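Biologist: Please take me through this model one feature at a time, with the cut-off behind each term, as I am new to it.

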Amino acid sequence: MSNNRGFNKNFKDCEGFEDCKSFSKFRVSSCPQGPTVPQNGPEPPVFTPVYGSLSSAPFSGIQAVMNTNVDFSVIGPFIGTTPNIADDSITVNSQGVYTISFSTNISIKGGSVDFILTINGTPDFTIQLGYSTSIPASNTLSRTDQLMLNQGDVIRVFIGNASGDVTYSNAALVVTKVA
């Protein structure tokens, strides 16, 4: 069986440059006059990472109260955002496209709960997580969206509905700039 894959075995010298290197089957050239790669315009801009996160204390079991924000007590890693546990928010410091992720564990003993993303205090009812049951249940809810945000926009998670005995734990809000 031949190992010939159609490579040309007749190589030309690198036009007199002795510092060219070659291997038995492939030719790798390091000739000073070797091929150049043309530039396709200016260098791309340097992208500085922008992210921020908040979370609730692990296994905290916080009672869900209607018309309040999810209570975050831990500031995670951040740069280019301002996480705030006093008002349970993340403020973005530059305009761009952001990925926003929210997740939480819930425990319901019959009832329902709705978590709604708010931007500058205005609920976005198209971005919400809801859960309803007539029997005791536990579950993990999560959602990720991409949104265009402006410098100074304030992100929170609002509890729009909480009926019955509903607690949440391990809640996390993560905001990451992607463009």
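Biologist: How many salt bridges does the structure hold?

Modeller: This is a predicted model, in which local features need pLDDT of at least 70 and side-chain atom pairs count only at pLDDT 80 or more, while totals for chains, interfaces and linings use all residues. Residues are numbered from 1 along each chain as its sequence is written, and side-chain values use heavy atoms, with hydrogens and water left out. Side chains of opposite charge can pair when their charged atoms come close. If a salt bridge is taken as a side-chain nitrogen of Lys or Arg within 4 Å of a carboxyl oxygen of Asp or Glu, the number that the structure holds is three.

Biologist: Which residue forms a salt bridge with Asp-87?

Modeller: Asp-87 sits in the loop between β7 (81-84) and β8 (89-92), and its partner, 69 residues apart from it, is in strand β11; strands here are DSSP runs of E of at least two residues, and helices are runs of H or I of at least four, numbered from the N terminus. The closest N and O atoms of the pair are 2.9 Å apart, and the partner is Arg-156.

Biologist: In the salt bridge of Arg-143 and Asp-145, what is the N to O distance?

Modeller: The two partners fall into separate accessibility classes, because Arg-143, at 29%, counts as partly exposed and Asp-145, at 15%, counts as buried. Their side chains meet in a salt bridge, where the distance from N to O is 2.7 Å.

Biologist: What is the volume of the largest cavity?

Modeller: On a 1 Å grid over the protein atoms alone, a cavity is a set of points where a 1.4 Å probe fits but cannot get out, and lining residues have an atom within 4 Å of a point. Grid points are joined across faces, edges and corners, and the volume is the space filled by probe spheres set on the points. The count comes to one cavity of 30 Å³ or more, and the largest cavity has a volume of about 110 Å³.

Biologist: How many nonpolar residues are in the lining of the largest cavity?

Modeller: The lining has 14 residues, with Phe-102, Leu-117, Ile-127, Arg-143 and Asp-145 nearest the centre of the cavity, and the elements that give two or more residues to it are β9 (96-119), β10 (122-149) and β11 (154-177). Ala, Val, Leu, Ile, Met, Phe, Trp, Tyr, Cys and Pro count as nonpolar, Asp, Glu, Lys and Arg as charged, and the others, Gly among them, as polar. By these classes, three lining residues are polar, two are charged, and the nonpolar ones number nine.

Biologist: In which strand is Asn-170 found?

Modeller: Asn-170 also has a phi near 55°, a positive value in a residue other than glycine. With a relative accessible area of 25%, Asn-170 is partly exposed, and the strand in which it is found is β11.

Biologist: What distance separates the C-alpha atoms of Pro-58 and Ser-169?

Modeller: Pro-58 has its place in the loop between β3 (51-55) and β4 (62-63), and at 57% relative accessibility it counts as exposed. Although Pro-58 and Ser-169 are 111 residues apart along the chain, the separation of their C-alpha atoms is 6.7 Å.

Key
On a 1 Å grid over the protein atoms alone, a cavity is a set of points where a 1.4 Å probe fits but cannot get out, and a pocket is an open set with protein on both sides within 12 Å along at least five of seven lines; lining residues have an atom within 4 Å of a point. Buried means under 20% relative accessible area, exposed over 50%, partly exposed in between (1.4 Å probe, protein chains only).
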